[in-house]
Amino acid sequence: MSWPVQVLLMGASGSGKTSMRSLIFSNNPASLTSRLGATIDVEQNHVRFLGDLILNLWDCGGQDAFMDSYLSIQQSTIFQHVGVMIYVFEVETRNMEKDLNYYKECLSALQRYSPNAAVFLLVHKMDLARGPKAETLARKTKELKEASEGTEVTVFGTSIYDESLYNAWSRIVHILIPNASVLSRHLAKLAALCSATEVVLFERTTFLVIATSTPPPPPPTASNVPSGPSSARTNGDLSATSHSDHELEVDSDPHKMAPTRYERTSELIKAFKYSCARVREEFNALEMELPEFTAVLDELTRNTYVLIVVHDPTIETAALRMNIRLARPKFE
Ligand code: GTP
């Protein structure tokens, strides 16, 4: 994918596009989003993400008059050179038929002008879903996939009130990171050096998850010895394994195995950063020493933070911070 990457953020008026943009990229809390006015036409933002990667984020106002204009006179401007289209649907929309009609028209314009663009669909405001969340999302996903008529789309359920928004956006930006597998390899080495149980790499401004490490499965015992070839451990192309006494697997798709607790961490740190800003303190690093584990969150490069979690009580936070400092040149 060429750089910078154009990201289209589309969907009906009031579906929550500007709110999510302000939460993820401007570090505003969810409580302030109700004050946001409707977006007039297209609001363009250039977001520097991981240094070299620049996201040209086009937040397209969703009022009918604007949508009609994007799909007629502005079509070649809006849909040209798009890397990713994110289309937002309100989970309890009052007019799904109209939303789907606009979506289908946008999808067909996208296919005409940017046939290689990735498409992500967000079923947003999941906190307002009337039925059980999982069932509602499954039903919506089916409906949206049918409306996409064979185009490959990825659907997420999101809400600004929990970590689901970070999960979706981490996955979206992950496909844009050019050197994700290299980052992962270095992360595996760092994890092994620190005897860490877990290492997570976050982008600095957004705190979106870039890569994670996960501990190896428990050593085989009489009761869990694999039987037969189907239980062999395999890594996908993008995953890297470090070989040491303390082996850790790192997967450059942080979500293939990772639960959303990583995104919960993003959410909590962002809230903490916001609190620091309110009392005019700058957030730099964080250390936690608890009986069960030790955790250090520190700046790794100009664009990233790393979180290292160890369960070995003999390992001191100073040692972890020194390892982070020594690892910096590898990640720059
Ligand atoms: P246009 O600019 O007109 O296209 O609208 P928009 O899609 O940018 O909507 P906006 O972000 O302005 O959000 C509209 C309202 O939805 C605001 O009052 C937000 O607080 C609210 N909102 C956004 N996300 C969520 C969510 O996840 N849950 C709930 N309950 N409300 C949300």
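Okay, let's start with Gln63: leaving aside residues up to four places away in sequence, Gln63 touches Ser13 and Ala38, where a contact means heavy atoms within 4.5 Å. Before I go on, this is a predicted model, so to speak of local features we need pLDDT of at least 70, side-chain atom pairs count only at pLDDT 80 or more, and totals for chains, interfaces and linings use all residues. Numbering runs from 1 along each chain as its sequence is written, and side-chain values use heavy atoms, with hydrogens and water left out.

Back to Gln63. This residue is found in the loop between S3 and H2; helices (H or I, at least four residues) and strands (E, at least two) are DSSP runs, numbered from the N terminus.

Now the overall picture. The protein chain has ten helices and 13 strands. Of its 332 residues, 50% are buried. If you take the contacts with a separation of 6 or more, 69% of them come from residues 24 or more positions apart.

Next, helix H2, residues 64-71. Which residues of H2 are buried? Phe66, Met67, Ser69, Tyr70 and Leu71 are. What do they pack against? The partners are strands S1 (5-11), S2 (42-49), S3 (53-60) and S4 (82-90), plus helices H3 (75-79) and H4 (96-113).

Searching the whole structure gives seven aromatic pairs. The rings of Tyr87 and Phe89 have centres 5.1 Å apart and planes at 40°, so this pair is tilted. For the cut-offs: rings of Phe, Tyr and Trp (its six-membered ring) pair if their centres lie within 6.5 Å, and planes under 30 degrees apart are stacked, over 60 edge-to-face, the rest tilted. Tyr87, at 2% relative accessibility, counts as buried, and Phe89 is also at 2%, so it counts as buried.

Put together, Tyr87, Phe89 and Tyr103 form one aromatic cluster.

Two packed helices are described by the angle between their axes and the distance between the axes. H4 and helix H5 (residues 133-147) pack at about 40°, with axes 10 Å apart. Axes here are lines fitted to C-alpha atoms, for helices over the stretch in contact, and angles run from 0 to 180 degrees between N-to-C directions. H4 and H5 are therefore oblique to each other; under 35 degrees is roughly parallel, over 145 roughly antiparallel, 65 to 115 roughly perpendicular, and the rest oblique. Met96, Leu100, Tyr103 and Lys104 in H4 meet Lys140, Glu143, Leu144 and Ala147 in H5. By class that contact has five nonpolar, no polar and three charged residues. Here Ala, Val, Leu, Ile, Met, Phe, Trp, Tyr, Cys and Pro are nonpolar, Asp, Glu, Lys and Arg charged, and the others, Gly among them, polar.

The other helix pair is H7 (residues 180-193) with H10 (residues 317-331), at about 160° and with axes 11 Å apart. That angle makes H7 roughly antiparallel to H10. Leu183, His186, Leu187, Leu190 and Leu193 in H7 meet Asn323, Ala327, Lys330 and Phe331 in H10. Those contact residues divide into six nonpolar, two polar and one charged.

Asp41 has a positive phi of about 55° although it is not a glycine, and Asp41 is found in the loop between helix H1 (17-25) and S2. At 29% relative accessibility, Asp41 counts as partly exposed. Ser195, not a glycine either, has a positive phi of about 50°. Where is Ser195 found? In the loop between H7 and strand S7 (198-203). Ser195 is partly exposed, with a relative accessible area of 31%.

How values were computed: Buried < 20%, exposed > 50% of the residue type's maximum accessible area, 1.4 Å probe, protein only.
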